[in-house]
Structures are given as structure tokens and as C-alpha cells.
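Hello,

Here is the structure for you to look over. My notes follow it.

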Amino acid sequence: MAEPLKVGLAGLGTVGTAVVQLLERGRDKLVARCGRAIEVVAVSARSRAKKRDIDLKKFRWVADPVALAADPGIDVLVEVIGGEGNPARRAVEAALGAGKPVVTANKALLARYGHALALLAERRGVALNFEAAVAGGIPIIKTLREALNGNAFTRVYGILNGTCNYILSRMEEDRLAFDDCLREAQRLGYAEADPSFDVEGHDTAQKLSILASLAFGTKIDPGAIYVEGISSITLADLDAAAELGYRVKLLGVAVKTEAGIEQRVHPTMVRRDSAIAQVMGVTNAVTVDAEGLAPITLVGPGAGGMATASAIVSDIADIARGARTPPFGRPAARMTAIRKAPMQHHEGGYYIRLLARDRPGSAAAIARRLAQQQISLESIVQRHEFRAQGSARPGRSGEPVPVILITYATSEDAVRKALAAVRRDRVISGRPQVIRIEKN
């Protein structure tokens, strides 16, 4: 039997600890599948004294993860430090530069430096595997890079952040406001003390940038993504969505259009009977549209120690078996700069919630501004029970009246111009709520 694959593990938080436990638990099965043992021989972390559910005495301690990466006693570096900067970046570059394959769960690092790291890995002839960087335990990276590498992709989209999906699910199911659900998510450990990176869509954007690169052969460019979070979503929006046959999800969407690659992260209405609408709680889901295939949806745990560790161990096993493919499914030198489709060119249906002033001519002014932008309406709902915070009390005379509009396919630019004109007309109160509708 071949010599064991010796692993250096940088990072011993929840995920790093789970990687050690999973490798130990599945040792015999991995030997049978890979033809060799996989052994963690050295580790690095910020604190050696921190209490962990593993026996550190089994491993050689290396204080500096960059030194661990260059250590001649390891064959592969597993990086679960996190963050786009150092020491994670220097450690990964050191390992690749020394001709050692790397397994990483670091979406931030890949979103910022993925193309450069792929070039370095290919130049040194080693693997750079990152299944765990997107959607945790869902094998979406291998699906795009390997399982469907003969297909031409047209769209990839999904629920890529469990925190947001949990909050939207709790709001809908338990009739709780956004702030209450956020506090509950923080209490349960689903949301950080500063949740803005998750709830404002930036975590989803980093993951989407990686999926778009794999699907369309473009260099990663997080700056090309339109990003909008869920903090403006109210119970009124969820009630209206349910009434109209939709459910609200935070989606990351990358789609190939005539104008270029459109990448966007925002709250989205999806048909209530669609596969992705059924995904609730902290679960993730990704749907792939490819020419010649019906849409494929993968659903599973998007985070958590064991789910992420499962993806990491799968990547390590590929290296143990000698399997290697270009990190982004094609030679990095052939990846092209992204041709960004401007968000104002986006076309689709829209949900618009307005608080119309209760006075003569308000409805006519709104209709006139929509008509000027050639926006056709599929439905109009004007009912007092749709209050801004979901209250069911009847409105009083003179109060703004909630108006729900569902448009036929139109452009982002037309919607923005129409609503800007409506606001200038002073026939509505507050800022209009706009949620895009995704075909699925």
C-alpha cells in the first residue's frame, strides 16, 4: 500500500476540529477508497491552550501557519483559518509555491485571489480544492467543475446563506419581525454578533462569484455583483408574497445574457411550488440550468462543522487518490475577464409595495408614471390589511393606503425611473419596497 498522505492542518476552530474527528472516524473507509491512509501529522492555530475536543498530543504543533505550509513533513495543506488576508493567504501561497496541494474552505480568499492562486497551482502542477467554500456539505463545486463539465450553463442560482434563510423562514412561520428573528439567530449561533456581512448579502456575493466563475469560465470579480440584503423585508411583504403564490428568499443569481454575465444578490420572490421555495431554516440550495438538461437543484447543509468538514475530507481524498483537475474547471490562463451585464438592464417581473397617499389623483399619478415607462401590471392589490409591519388593523381615513403591484416582465431601469417619478409627485409616503421575481 502507498505511503500515508500527511496532512498539515491550519486552523483548529469548529471546522478544523471536525476535520480531525472525521478523518479519524473514517480512517478505514478512506484507506479502502483511496488506497492509502490519510493522517493529520501537524497543526497550527492561534492558541495552543484553547480547550478542544481532540487530543493535540497526537500532532506536531507549528505556531506559524506559513511555516506549516512549507514544512517538508507534510504532503498537503488544509487551510481553515479564514479571511482574505494573512496569514491564510501567505500560507496557501507558500504551500502551492512549494509544490504542495491545498484544500481550503476560504471563500473570502478565493473571491479575492482565486484566479491568481489557480494560476500558481497549475504552474506548480498541484491541486487547489475548495468544495467547502460554497454551500458547505452540498457538492456544488464538483458538480459544476466535473460532473457537468460537458454542459453549457445558462444560469446558476441559490440560497447560499443559512442565516438569511433562517431569518426569513422564522419571520414567515412564526410571525416575527426581522429584528426579533435576528436576535434569535444570534442566540442560537446562526448569526454573528455583527450580522451585517450575512444579512446585507456580502457572504452570498462571495460565494456567488465563485460559482459564476466555475459556470461561465470568467475570472472572479465580486465587484461585478449587485448586492442587496434582507433587512428591509417586513411581514407585510411575506404576507403579500403568500397571498400571490410566492415565497421570499435571499438568492444569489448568475445568468448568461446577451449583454454579458448578470450577477446579483437580493431578496427574491420565487413560486411557492418551486423546489427552492421549499428550502427552509439554515439549509442551502443551488439550482443549475444547463442547455439540454432540466434544472438540477442540490439541497443540503450549508454550514456547520461536520457538513463543512465532509466537503474538506472529500477534497483531501481526491488528492490521496491522485485526482487533479484545474481549480476552476478549465486552465486558469483561459479564463476571461467578466463582461458585466449592468443591473439596470435586468429584465423580469417585479413586486412593488407602495404606501399611496389617501387623496384624489394618487392612483392615477402612479399609473401614469408606470405607463410612461411602458410597465404593464399583472395584478394590483389595494387592501388595508397589508400594513408596513404586517398589522391587520383597518386603516383610518387619511392614512396612506398599501398598494401591491405585480408587473409583467420589464427592466430594472424602467422600474427605477417610474418609482423616482412617483416619489417626486409626492403621492406616496416613504420609500417603495421592490422585490424582484425570479423565474423557476
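This is a predicted model: local features need pLDDT of at least 70, side-chain atom pairs count only at pLDDT 80 or more; totals for chains, interfaces and linings use all residues.

Lys-6 stands opposite Glu-39 of strand β2. Strand β1, residues 5–10, runs parallel to β2, residues 38–44. Joining the two are 6 bridges.

Both strands belong to an open sheet of 6 strands. Its order is β3-β2-β1-β4-β5-β6, and the pairing is parallel.

Next, a loop. Gly-137 sits between β6 (128–129) and α6 (140–147). Gly-137 is partly exposed, at 33% relative accessible area. Beyond its neighbours within four places in sequence, Gly-137 is in contact with Pro-301 and Ala-307. Ala-303 is 166 residues away from Gly-137 in sequence, yet their C-alpha atoms are 7.2 Å apart.

Last, the cysteines. How many disulfides does the count come to? The count is 0. A disulfide needs two cysteine sulfur atoms within 2.5 Å. For Cys-164, the closest cysteine sulfur is that of Cys-181, 12 Å away, so a bond is ruled out by distance. Seen from Cys-181, the closest cysteine sulfur is in Cys-164, again at 12 Å and too far for a bond. Cys-164 is buried, with a relative accessible area of 1%. Cys-181 is buried too, at 1% relative accessibility.

Best regards

Key
Residues are numbered from 1 along each chain as its sequence is written. Side-chain values use heavy atoms; hydrogens and water are left out. Helices (H or I, at least four residues) and strands (E, at least two) are DSSP runs, numbered from the N terminus. Buried means under 20% relative accessible area, exposed over 50%, partly exposed in between (1.4 Å probe, protein chains only). Contact means heavy atoms within 4.5 Å. Two strands pair if DSSP finds at least two bridges between them.
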